Each structure stands twice: as structure tokens, then as C-alpha cells.
Amino acid sequence: MAVELDVFVGNTIIMSEEVYQLWLDGYTVNDAVKVRMEGGVLDEFDAKVDVVLSDTMDQYRTFQMCERLLHSPTKLANQLLFQIPPHRQATLIERYYAFDDVFVREVLGKKLSKGTKKDLDDISAKTGVMLKSCRRQFDNFKRVFKVVEELKGPLVENIRQHFLLSDKLARDYAAIVFFANNRFETGKRKLQYLTFQDLAFCAGQLINNWTVGAVDNMVEDMDVDLDKDFLQELKELKVLITDKDLLDQHKSLVCTALRGKTKCNLNLSRGLVNIATKLTNTKDVRDFFIDLVEKFIEPCRSDHWTAADMKLYLTHYTNSAHILDTFKYQVVWDRYMGVIKSCIFKMYHD
Amino acid sequence: MPGKLKAKIVAGRHLPVMDRASDLTDAFVEVKFGNTTFKTDVYPKSLNPQWNSEWFKFEVDDEDLQDEPLQITVLDHDTYSANDAIGKVYIDIDPLLYSEAASVISGWFPIYDTIHGIRGEINVLVKVELFNDLNRFRQSSCGVKFFCTTSIPKGYRAAIVHGFVEELVVNEDPEYQWIDRIRTPRASNEARQRLIFLMSGELQRKIGLKVLEMGGNAVVGYLQCFDLEGESGLVVRAIGTACTLEKLSSGSGTHTHPNTAPASNACNSPSKDGKEPVFGEDLPSSSGPSTPFRALPTSSSSPPPFSPSKPCSRQSSSSDTDLSLTPKTEMTQSPRLRPGIFLCPSSPILSTDTLSLPGSGTLGCGHYSGLRATTPPPLASTHSDSALLRKSVSFTEDLLLAASGMGSGSMGKDAGPLKTLLRQQTQTALEQREFPFFTLTSFPSGFLLHVGGVVSARSVKLLDRIHNPDEPETRDAWWEEIRQEIKSHAKALGCHAVVGYSESTSICEEVCILSASGTAAILNPRYMREGCLDLGGSDQRFEDPSPSSCGFCHIPYDELNMPFPAQLTYCFHCRRQKVPDVLFTTIDLPSDAAIAGKGCFIQARLCRLKKKGQGEANATAISNQLPFMEYELHTQLMNKLKLRSMNALFGLRIQISVGENMLLGLASATGVYLTALPAPGGIQIAGKTPGDLNTEQHILNIQKRINDTIAKNKEFYEVNPPDLTEEVVGSPIPEPRLRSRLFRSHSESSDELSELDLSHGKKDAFVLEVDDTDAVEDIHSLLTDASPPKGFYSCNTETMPGIYNWTSALQMFTSVRVLRLSNANLSNQALNKVFTDLCENLLKSFYFKLRSMIPCCLSHLVFSVAVPEEDLIQVAVTAVAMTFDKDQTQEKPAEKPITKGCSEAEDQLQFSLELCTDSSSINSQSSSKNSGVPESSHLSTRDRCSTWLELLRLKAHTIRRGSVKTSRRTQSLAHSVSSLEHSSPLTEGRSRSLRSSRSFGGSSVSVVKMTPLSFLPGTRIVKYVGIINMFFIRETTSLREEGGVSGFLHSFVAEVFAMVRAHVAALGGNAVVSYSMKDCVLMENPNKNQCQCLINVSGDAVIYIRETDQEVTGSTANIGLSCTSSADGAT
């Protein structure tokens, strides 16, 4: 008595968000049925397994047919195959492009290539995110990357328009694209403690302040590539550590300002300036976050600074530079330190 | 050269990639009509080409305009090899051929390929310029409107209902032509699709011609079907009801002058003084109460009022009672066997309090107005008898006696003969039409006087090749036979018409079962005779109102000559006329019927094994089984009805499908408790072998379960109050009078026994004997039927009886399930179980899937079963889930505002009042009724005071309600009128400007609602823009890759919906009503990784506006605007 065929099609799309999530999470139909049965919500309806199975199958098929459309969300609005109310369209898209932070943390900064895709099963095993879901998320990253790569205009806005995503999600994607493009190293053990949200925040800072787009908003890749001129200018900051006078003056200013609230550690300053001067080198750009951790965060931590201490120090350190009369690179300094400050604030976990 | 068709190809979008190298497509379009083809330029390297072509003009005959679809083919240009087809769009331009419908077709159409499904979309503009053709020998019938809706479409009134039209067209099936061996599947599918488009166009044109000949301008209840007879050909056949429809907007004039003749467009409308019966809801004018037939008040020699369908009937043998055709007897005569069966579960009824009023024509006989004054009223009182349950399958032999169709019930002595005479006259009128059939299922009140019961006929035929497609005589003759049989059945029930009529076939190899069924009925004869229109009409209008709640239940046949054994009782409403204990019908519940509680979906399922066979032997075997199947289905229905303590079935549809090794029977209906009918008895279980303790215990257990179930059902469906009150209050209270009346009638009646029955009336239960294996099975199936979960109701009729406050959310769905029987050696019982479970599980699935809509009702559940191949059972269901407001369900609104019927009864009341005053001079009776006083004195001799008191009471109501209503209705009328006026002109102008922007912009797709019902809750249909009748074939040679059969069918059904929506939107509509999936034929061959499916759908494209908009914006101008804007948005 095998059911050979069983379909149920509504004039308006019929879907439950719960099943959609299960589908997105990569559950097989049978597993999804199990989850739903265990979920208990169905008890009140006294649903038998076959009923739930048939319902799940129908929805899975619907989602599969929609998937093609979800790849270019703008089509979803003017396709004719399914009649989907606007709020449902939004849910479908937003959920489809949502990702697991644990997963994205793994691929962040990696090249979105076939090679990485092959490693997805390892990532899946490591993160506990199902392989199917990993693939979907990875393909989403890749798709977004490919589309915005060639576009002019602000990155976040482009993503939002082409994929009809919410502002938050669009920003996250911008971060992912930015990381992938600049291949920032995020996988080292020392960086493991950083969450995706930490890094996404930093990416946002970099995009807003250090890219070409920060000065000119009509070039290609404006928000993806760092501003080369700016990176060149950063070299000039070297004077802060090479010029002995300047160094001492700066140190004393900082120490006075801090008034012994925290130790004033000159090595920290050296570290930050060194990072700045090396950024013209692509390799060093990739190590940007490692350097921040090794040269600044770890020393602070080993000195048992609290986040407040660290903030105070950085604030005074930045501001004091303005008082140095021989220091001529105030603009570059601000552009540099503004980002460094907020990144470190974010990355410094107590 | 009466027509110029113009088409413009604007743009394409989402095209598939046809050139792998560039990931792009070089698309161009071929536009073909008839034998003329135009091409657009190639738009290179784009998936979103902008052709923006010139207007391609086709100069064609209007005959071709009707037959041919516009065929648009999108191709990919290839320099070196043949161009690849991307897909096609067929556009039926019929909607452009009538003035009121769409004026332009414009929109995005899915590009469809039979192998790949939908591949992108194309934006097309189509227009037609039609020149008038005055040639009376023309072969075209442009301008005749077609509606799938089985009631008078909203916004129209029927000036005349002409009657039954039918036609069939046959051809060779391209799939079976020799050339099919050498052409690709795609070519073959396309040939088939195109052929069917052509055939249905031709069919529609031919039916249109018949309608024109009859003087009508529309076909309502149009039902078109395909018979894929395989080797022997392809048959497209259609039936419908020809009408002369008038737009209600024209009624605004009439409204102010109630007594002027409305519309003169009816060819032979001799309208006397404006009291033309109106058939339709929302009567625009106060002139006509909702009466259906427009009688032609010409002399009797002139064409019978009913505007007989002679012209279209091939033979007009007519008025004789073709009793010779009765079925059963001639079973083995020939290979074409016709085991007809006659299901008349219940009998009909009529008349309520007022009906028994003096002078009113009871029972379907018309009365002369003149007569009335002199003749004593036909008091229709008879003895009441018990409500014994009876299985009412009777074979037609019994019916013959009753066939003469004498007046039913008892009438006053003196009136008797006259009545008979009248009745005969009216019958003659109807009989003069060859088939007094109506495909409509719901009627304005007053149209349907009595319902006799279900009549059905089946016939088993062996298919042979159709030799000459132009002369499809055999097929015609087959249907002719069946229709004659139906007609004679109806006659046997004392009825002169068949309503809710439909036809169907089931084909397996060379065997074909033809089925027809309908409900025997007596229609209001008033308008069928000359002279009564003005005189009698007004009177009866006055009297009709109250009977409408129970009148249709009163039996139409002669009590003394009952066509089948039935237990008659006095109507529990009016206590004057006889009613049967159970009533089965194929129509919708009349909107004014008095019911208790809610309705309920009831289904009987049956599966019977059959030996495989060939030719005649096979046909004989099948036809021998049929009567038994019908009997069993009927018994099941009866049991289930009892179990829910209901006493009437509406929308009964019995489908019998034949497969190689089994027969499937599926009967679906909506059960209702009609308060006019006696309360059903319970079900009593009896064992044949008393003494055996085990058995007794077992029986007791079952009995208890059954009683519990009945009690539970009563609660669930809220069926309770009426019979209790009726019994306590009803019988004893009117004691003095009632009793005396009863006595009187007893003395008149010759049957004394029935008097005795009175005592044990309802106590009688239906007895099931358990020893009988069938009974065990019955009981089992009874008890396994789960009632729907809380918050859900279901029915297969248009509206759910007992629910009135629909909210606007709705979800139409189609579900298909195929079961493979793994075990070849199943017994009948096991097979039944499998089949029953299949249907039950489907229902459970629906409830589960739609649970978010609770409280919700599944309406118009249409199941269709098939046996696509050995060991496969296929069930396809289309229905709509509609939400309703739970809080108000209890109060049955005095005026049902939302339901479609929208208080027709009250309209009628109102009219009668107005008319009464008008016609006061006509005779003493009508005037006396006006006051109510004089008549009563006249009557007092006849012991009918109670009646008059009731009448007075009723009149008081009438007046109160009537006056209130009038004002409100006037308003709403004004609204509808204005919206109509505004909508049509504006839509055109506006949509044109909109269009240009829309074509290129990526604006989102407008929502198109779909429903199998004829209305959308909370909305008002302002315009019908055309009939949708589409046929699609889909095939795949990569079944696994498409997700197996389920995946394949799922996407196909979704594609069909999409194409229907796109066509509706292109016509300017925003909804499809009366949507149905006529066929879903699935053939799979998983071993070859192949599958093919054919789907045929139909419906009416409409423009609706939300009712709230209308009410909120009081000003008519606003309404016009909102209407047009919604229309525009949809285009």
C-alpha cells in the first residue's frame, strides 16, 4: 500500500516557518518529521506521522522549487510560478540568507573557492552545522561576493538592493565580502576567542574609514579595497617611534594624562605604529588582526588591564598625539587611530 | 472578413539560458493565428529581451476568432543549426469577442514548454476589432457569454432561462496518429494541446450558435469535458444552460419605474407590464421577484414559455414519457448496457404556512388567478405519518406509476382536477423542450418549488473508432439515451425538470461508463403560462415567501402513487404538506432553507474487484455490478447521515470509475438537518443469532459506540433544537386546529394506516444486522470516519450550511494522491478499507496543513477518483479553505449579509408588497390578502384561522423588514451600478497608461485569488471578464531528476495555477471564481524515467472589489474609482 504520489498545492504558497527552518538547517525529510513530532506542538492537533510526513514533503518540494528564485531574490517579487504574499517573500529571503555565526567564523577571510568548499565537511563536523546547511551558506557568501564584486557604489547598499536583505544582514554580508576580499587571517588559535560579530564590527569600521569608498563613493570595489594612498601615508606615522623627542614627549603626555591610573607602556605605542607602517604590504594586511592581538591586546591582558583601563589608555594615547607640535600627520593619525580604537575596544574581552 | 486581430510583443524576462557559451539567449518570437505567422526581430544576447514589436495584424473570420487560439512561440536564434524553441503561449481571445468583457489582453504570460515547464515570461498585448456581421447564416456566435458558475452570475439578472444546450465534437487523438511514431514528444504534445484548444473553441462556438437560435445571449453553468478515448479518438463535449442575461446596471432605470418592462433585449420579450420574472440575485428592479423563468406571455400557440430548446435538440420527440427507456430491464441486450439506477432517497416537499393559503398554487401547479377566487384553497393537509427510515434505492419500475405527474400531496377536492389540469399544462410546456435540464445548482428563491430527489443514469459502452469526426452520431446517441432516461426518471418522481444536472464519463481501455445525474424538481410554473404573469404572479409572490424555507422539501409526487416506498410526514414547518423523511439532491442548499446546526461533509466509498475482461463480456460484468454499487453507496450515505443525525444531502455527486481490475465508487455530499423534515431515527444494531452472549455483548458495545457517536456529532454540528421544540411545541400546541385539520384530511385520505404511524413516528431506527458481513463493514466504516478537528468544518457545496460570517481569507488548493496496491490478492473488504483510508487521510492532511486558518471551513470539496492503471488508485481533490468569524457563528444573522444569496427571500417579500398594492384591483383575493382581514372570514369556515394568524404575523414581519430593506437595497444598487459604469470605460483608458510602465518595470505581480465557489467572501464581483478554459500537457523524460512523480506533478500543478493567474491578470481580472480542475490524467513509467500528465481547468475570470470599500465610501464616485483602480492593478 505504497503512496506513489502525494502532492498538495495551494494557490497561495503554503509554508510553515518551522519547516522552512528545518529545511534550511539541512534536515532530511525524515529527520524533520521526527523533530516536528517531538516538538510537541503537533500533539494538540493529534497528527499522525504520515500526515506530518506528507506535509513536510510538500513543503520541502515547495522550498526546493523556490530555491532557484531565492538565488536572485529580486526575481521572487515578479516571478509568476508561486503566489507569495510580500511578507512571506521577505521571510523566505531573510531566512535563506541567514547564517550560523559558528559556521561563518570558520570561513571568514578564506578564499570563497572550490577548495574551501571541499573542506566544508570538516567545518560541518567541527561546528555541528549540517553539511547541507554549510553548503547553502557558503554558496550564499559566494553568490553575494560575485554579484557585488563588480558593482559601483556603497557595498552595504548594493547588497541590500540586490538581495533584498535587512540592514543588519546586509552589513554582515558586507563584512564577509570584505574579509574574503582582503583575506584577513582569522583562523589562528590566538584569534579563536573572537566572535563573528566582533570581526564584523571591525570590518564595518575598516569599510567606513579605510577604504577607497570612504573618500570617493563612485568607484568600483570602493568598499572592498583599502585606500592605497592612505596606507602609504601611514608610513609617515613611523616618526612617532623613530623620532626620540617625539616619542618621549608623547610618552610623558600620555603618562601625565593617565596620572598613574594605569601604567604607561611605551611598547604598546611601538606596536600600534608598527602595524600602521606595515599595512602597505598585503601579507601584513592579512595579519592585521593577529598583529592587533599580539602587539596590543595580549600585552594589555598580561598586565591585567581591564577594558576600562585599556580604553582610557587608548583615548589619551590618541589625543596626546595632537598636542605634539612637531607631529604633522594629524589627519592620517585620526583616520588610523579611530578605527584601531574601536576595533580594539570590540576585540578586548575581559 | 469580420474581424481584425492585433498583437504586439513587448518584452520577455527571466528567459532560460539557451547558449551555454555566453550564458545568454538570442530570442525572437513567432506569432501565429490560423495559417498566418509573423516574426519579431532577434533580440541578441539577453535574458530580458525588449522586442517592442510593431502591431501584427491578422484579418480573419469571426468563426476563426472563436475557434483558434493565438499562438505565440518564443525561440532562440541559432545561426548554424535549427532554432530551438523555448516555449509557447496560447491565448484564447474569446473574451475579447463580447462587448462587456475585456477589451484588451495585456500582461506577462509564462512561456510554457511541455517538456521543461515554465521558462520565463513574455509580455504581450492583444486586441480585436470586430465588425458586425449581419449574415444570418453565419457560423460564428461571437458575443455569447460563457460562465462556469452554476448560478446566475452576480451583477446579472436572467430575463429568460432558455434551457439545456449540449454539443460534442470528436477528433482523432494526435497521440495515436501514425506520425506520432516519428515525431518528438514535444511535437506530439503540442499538436494535442493545439487540437484541444481548437476543439473547445469550436465547441463553444457551436453551443453559442444554439444559444443564439434560442434567443439567448449567455450560457451559465457551462461544463466542458474531455474524453480521451485512446485509439478511438478524442471527444470534447459540453453542456450548459442557455439564458438571456441582462446586466444589472441597466436596472437602475427599472428601479424607478417598476412597472415598465425591463430590457427589451430578450428577443421575444413580450413583457407585459414589467413583472418579468427575474432570475438572479441582487434584483435591480423592484419589478421582478426572483423568479426564474420568464414566461412569454404570448398566446399558447406561440413557443412555449420556456423557450424550448428544440432548435438545438436533434429530435424533438419530447413530450411523451419515454418510459420505455427505463434501464434495468434491458441489461443484457447488447454490448452497450445501460443499467440505470434510480436513486430517490427522498422526496420533495413544498409549501409552508402560507402555501396552504387559499388560492395559492400549491405544489407546483400554477393557478389561474381567475380560478383562485372561486376555488377553495387547496388545503394541502394530509395525515402525517411516521418517519420511518427507508432505504430509498428503487428501481425504476416502481416509478412508472407515478410518472404521470399528478398533483402531489392532497389538494382540496374541488381544486384537484383543475390543479391536475394546470399541472399538465405546465408540464407540457416543459416537455416541449426536449430536455428540461438545468446545469445550475442554486436558484433564486421562488424558482424551485419542489424537489423530488436525485435521478441518475449510467450506461456502459464499448468504444469503437469514430469514423467520421463530422458526424459524431454514436456519441450523441449515447448521451441522448441517457438523457431520455433521466427525463423519464424525473417524470416518475412527478417532476417536470431536472436541476443540478451534470454528466461524466469514466474510460478504461475500450470500456466507457457514461453517467448523468441531477435532481428531479418542479420549477415555478407561474411563468410558464400565459396570463398568469401579471395576475397570478403577483398573488403568488405574496404567498411564496414563507414556503421558501420549507417549500422545496414538499413532495412533488402523488402520495397515493408514490414512486418508491417512502415515509411521509407533515412538514415540520408548515404542517400542511407532506415531506419525505430524507431528501437527497445534487443542488446547493437553497439560501432560504430552514436548517438546524451546521452542515457536514459526508462521503461513501466503495471499491469492488472485477475480473479482467475484454469486450462485451467485460462491459456486461461492469454493468452488472453497477446497480449493486449504487445501492451500497446509497446505504452508506444513509447510515452516515443518520450517524450525524441529519436528514438531507445536498450537492450529492456519485462517481463510479472503472479500472482494469476494479471499480471505484465515491459519493460525496453535504449533510444538513432540514427542520422541515422529521428528525432522523438512530441506528439500531441487531444480531441475527440471539442467545450467544458474546455476540450480544459485542452488539451492545457497537450500539453504545454508535449512540455515543451520534450524540457527539449532534453536539459538534450543533444539531439539536428544532426537533425537540417541534415535537413538544409543534404537535401538541396547535392542537385544536391542527387536529381538526388532521382529521379532516384523514377523512379525505383513504389510507388509515398512516394515522396509526403517527404515534411511533420518530422512534423508528435504522436497523443494521451484524451477522451480515456487509453490515460489519458498514459499521466499521461508520465508526472510523473521524469528524474534523475542532475549528474545522467541511462541505462540498458552495456555502457551508449554518455558517454565514465569512471573513475574507481563503486558500484554494489542489491535492492529488496515488496509492499503489502492493498486494494483488486483496479482498473486497480490504480494498474498501484501503480506499476509505486514502480518502480519510487526505481529509486529515488538509486539516493539518490548513490548521493555521482555524476557524475555517473547507468548501466545495470535490473529489475525483480514477484507476490510472492496474493496482493504482488516484484521488484528486480541489477545494477552498475559508475562514470565518467564530464569535458570530451562533447567531444566524437575520439578513445574511455576506453570503452570496444575500437575502433573496427578503427581496422577494419586499416585491410582493409593492406588487400587491399595484395589483390590488386584480382580484378580490389579492386585495384581501393585502389587508388580510376579509379573507379570513371567508376562510373561517374551513377551520383555518391558525393559518391566517400566521399569515398576519408574517405580514407584519414582511412589512417591517421590507421597508427597511428597500432603502438599503436601493443604496447598494446605486453603488453597484455606478461602479459598473465607472469601471468599464475607465479601465481601458487607465490601464493603457499603466501598461507601458508595467511592461518594463519590475513591478510586482498582482495577486489573483482563485476559488471553486461562485463568490469571494467580503467582496463584490463587479465584472466578469471572460471564461478560462485551459488544457495543458506536461511530460518529462527525467522523472527522477525532477523529484519523482510527486515533484513532477507538484511543479506542474503550480505551473497550471500560474498560467491561469497570468491569463486572468492579462484580462484585467483579479480573481477566478467557479474554478475547477476537470481532468488530471497522469501516466507514469518510472522504469523509463518518464511521466506524462494532462490537466484541464476552467473558471470565470472576474474583477472584484472589497465590500468594505463599498460600504465605507458612501459616494458612488469613490466606488467607481476604487473599482477601477483595483481593476487596473490587476491587469
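1. In this predicted model, chain B contains an open sheet of four strands, ordered β18-β20-β21-β19, and its pairing is mixed. At the edges are β18 (583-584) and β19 (595-609) of chain B, each of which pairs on one side only.

2. Within that sheet, strand β20 (residues 648-658) and strand β21 (residues 662-674) of chain B run antiparallel and are joined by nine bridges. One position to look at in this part of the sheet is B:Gln655, which stands opposite B:Leu666 in β21(B). As background, strands of a sheet pair through backbone hydrogen bonds, in either a parallel or an antiparallel sense.

3. Two helices of chain B lie across strands of this sheet. Helix α8 (residues 615-643) of chain B lies across β18, β19, β20 and β21 of chain B, and runs at about 150° to β19(B). Helix α14 (residues 828-849) of chain B lies across β19 and β21 of chain B, and its angle to β19(B) is about 140°.

4. B:Arg575 belongs to the loop between β16 (568-570) and β17 (578-580) of chain B. Is B:Arg575 buried or exposed? Its relative accessible area is 14%, so B:Arg575 is buried, the cut-off for that class being under 20%. Between B:Arg575 and B:Leu626, which are 51 residues apart along the chain, the C-alpha separation is 39 Å.

5. Chain B has another open sheet of four strands, with the order β28-β30-β31-β29 and mixed pairing. Its edges are β28 (1009-1010) and β29 (1019-1036) of chain B; each has a single partner strand, so one side of each is left without a neighbour in the sheet.

6. How many bridges pair β29(B) with strand β31 (residues 1090-1106) of chain B? There are 16 bridges, and the two strands pair in the antiparallel sense. B:Arg1020 stands opposite B:Ile1105 in β31(B). Packed on the sheet is α19(B), which touches β28, β29, β30 (1071-1085) and β31 of chain B; the direction of α19(B) makes about 145° with that of β29(B). Helix α2 (residues 185-214) of chain B lies across β29 and β31 of chain B, also running at about 145° to β29(B).

7. B:His1063 is a residue of helix α19 (residues 1044-1066) of chain B. The relative accessibility of B:His1063 is 12%, so this residue counts as buried. With neighbours within four places in sequence left aside, what does B:His1063 touch? The contacts of B:His1063 are B:Tyr90, B:Ile91, B:Phe109, B:Ile1028 and B:Met1030.

8. Turning to chain A, the secondary structure comes to 20 helices and one strand. The C-alpha trace of chain A spans about 90 × 45 × 35 Å along its principal axes. Chain A has 350 residues, of which 50% count as buried. Taking the contacts in chain A between residues at least 6 apart in sequence, 69% join residues at least 24 apart.

9. From α1(A), A:Glu17, A:Tyr20, A:Gln21, A:Trp23 and A:Leu24 meet A:Arg88, A:Thr91, A:Leu92, A:Arg95 and A:Tyr96 of α5(A). By class, this contact of α1(A) with α5(A) has five nonpolar, two polar and three charged residues.

10. The other pair is helix α10 (residues 155-163) and helix α11 (residues 167-182) of chain A, whose axes come within 8 Å and cross at roughly 120°. α10(A) and α11(A) are therefore oblique to each other. The crossing of α10(A) and α11(A) is right-handed. On the α10(A) side, the residues in contact are A:Leu155, A:Val156, A:Ile159 and A:Arg160; on the α11(A) side they are A:Asp167, A:Ala170, A:Arg171, A:Tyr173, A:Ala174 and A:Val177. The residues of this contact of α10(A) with α11(A) divide into seven nonpolar, no polar and three charged.

Terms used: Residues numbered from 1 in each chain as written. Chains lettered and ligands numbered in written order. Predicted model: local features only at pLDDT ≥ 70, side-chain atom pairs only at ≥ 80, totals over all residues. Heavy atoms only, no water. Axes fitted to C-alpha atoms, helices over the stretch in contact; angles between N-to-C directions. Parallel < 35°, antiparallel > 145°, perpendicular 65-115°, else oblique. Left-handed = near helix turned anticlockwise from the far one by under 90°. Contact = heavy atoms within 4.5 Å. Nonpolar A, V, L, I, M, F, W, Y, C, P; charged D, E, K, R; others polar. Buried < 20%, exposed > 50% of the residue type's maximum accessible area, 1.4 Å probe, protein only. Pairing = 2+ DSSP bridges.
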